[in-house]
Amino acid sequence: MIHIFGGGTISHIRNHMAICAPAYGATANKLFNLFLDYGMSVELHLTKMADKNSKLETNEDIASKIDELLGHSSTKAIVMNAALCDYDGFVISDGAPTGSGKYAERLKTNLGRQNVLFVPAAKVIGGIKAKRPDVFVVGFKTTAGATEFDQVVAASKLFGCCDIVVANDTVSRSTIICEGIDNSFPYGNRREDALEYLVSKVSDAITNIR
């Protein structure tokens, strides 16, 4: 079974206040349909941002779902297309970060300006191979206004925990499929072609695992 994650996550700062990684599941849905066209067993996991009926909202929700899936021998591949919130936010009061969370004290506008400390969130994708080295992992690395070389360099940070990394630049619209620092395939703005190639590579790999 191939499991695709899509949509964006949020990180709660206070009650009714959060930061997010905006994404609405378009690419994940395309990949899901492409895998179906290839005759693969595939399941789509969208976050609440992309599917109002979903129970996946935060990075922690996705991490928990992945742990569940890794406990099933049927899990052969995970395609992490979800946009995970890179930071957690903490309101600063008297020079120190205060408690955060969905049900933390709500901020009032009459308190005026607030300072928020952004702390890098715990990584999710890095733990997959540590728990299940046999699972084929696809990661996505997004840049904004980077050269193709810099896209590959950014993607290379995921090579240790992913079998393939899709490098995508939101400014140039350039998409590169990266299978290694010297094994990358630029597709320019032909994103559909890149996704079809990705699906073929994953499908072949899963077939070989069987």
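Visitor: Is D134 buried, partly exposed or exposed, and which residue does D134 meet in a salt bridge?
Guide: This is a predicted model, to begin with. D134 is partly exposed, because its relative accessible area is 40%, between the 20% and 50% cut-offs. The side chain of D134 meets that of R132 in a salt bridge. The N to O distance there is 2.8 Å.

Visitor: And R132, buried or exposed?
Guide: R132 is buried, with a relative accessible area of 13%. The cut-off for buried is under 20%, so R132 falls within that class.

Visitor: Why would such side chains pair at all?
Guide: Side chains of opposite charge can pair when their charged atoms come close.

Visitor: How many salt bridges does the structure hold?
Guide: The count is 8. Among them is one between K65 and E68. Their closest N and O atoms are 3.3 Å apart.

Visitor: Where do K65 and E68 lie?
Guide: Both are in helix α2, residues 59-70. They sit 3 residues apart, about one turn of the helix. K65 is partly exposed at 21% relative accessible area. E68 is partly exposed too, at 41%.

Visitor: What about R190, which residue does its side chain meet?
Guide: R190 meets D193 in a salt bridge, at 3.1 Å from N to O. R190 counts as partly exposed, with 42% relative accessibility. D193 is also partly exposed, at 35%.

Visitor: Switching to the largest pocket. How much space lies in there?
Guide: About 1100 Å³. The lining is made of 38 residues. Closest to the centre are A82, A83, L84, F140 and T142.

Visitor: Which element gives the most to that lining?
Guide: Strand β9 does, with 4 residues. β9 covers 136-143. β3 (17-20) and α1 (26-37) also supply at least two lining residues each.

Visitor: What is the lining like by class, in nonpolar, polar and charged residues?
Guide: The lining of the largest pocket has 20 nonpolar residues. Another 12 are polar and 6 are charged.

Visitor: Now the surface. Which residues form a nonpolar patch?
Guide: Y87, V116 and F118 form one. Together they have about 270 Å² of accessible area. Y87 lies in strand β6, residues 87-93. Y87 is partly exposed, at 41% relative accessible area.

Visitor: Backbone next. Which residues other than glycine have a positive phi?
Guide: H16 is one of them, with phi near 65°. H16 sits in the loop between β2 (10-14) and β3. At 66% relative accessibility, H16 counts as exposed. R173 is another case, with a phi of about 70°.

Visitor: Where is R173 found, and is R173 buried or exposed?
Guide: R173 is in the loop between β10 (164-169) and β11. R173 counts as exposed, with 51% relative accessibility. The exposed class needs over 50%, so R173 makes the cut-off.

Visitor: How far apart are the C-alpha atoms of I177 and V165?
Guide: They are separated by 6.1 Å. Along the chain, I177 and V165 are 12 residues apart.

Notes
Residues numbered from 1 in each chain as written. Predicted model: local features only at pLDDT ≥ 70, side-chain atom pairs only at ≥ 80, totals over all residues. Heavy atoms only, no water. 1 Å grid on protein atoms, 1.4 Å probe; cavity = no way out; pocket = protein on both sides within 12 Å on 5 of 7 lines; lining within 4 Å. Points joined across faces, edges and corners; volume = space filled by probe spheres on them. Nonpolar A, V, L, I, M, F, W, Y, C, P; charged D, E, K, R; others polar. Patch = residues over 30% accessible without salt bridge, like charges linked within 9 Å, V, L, I, M, F, W, Y side chains within 5 Å. Areas by Shrake-Rupley, 256 points an atom, 1.4 Å probe, with all protein chains shown as cover. Salt bridge = Lys/Arg side-chain N within 4 Å of Asp/Glu carboxyl O. Buried < 20%, exposed > 50% of the residue type's maximum accessible area, 1.4 Å probe, protein only.
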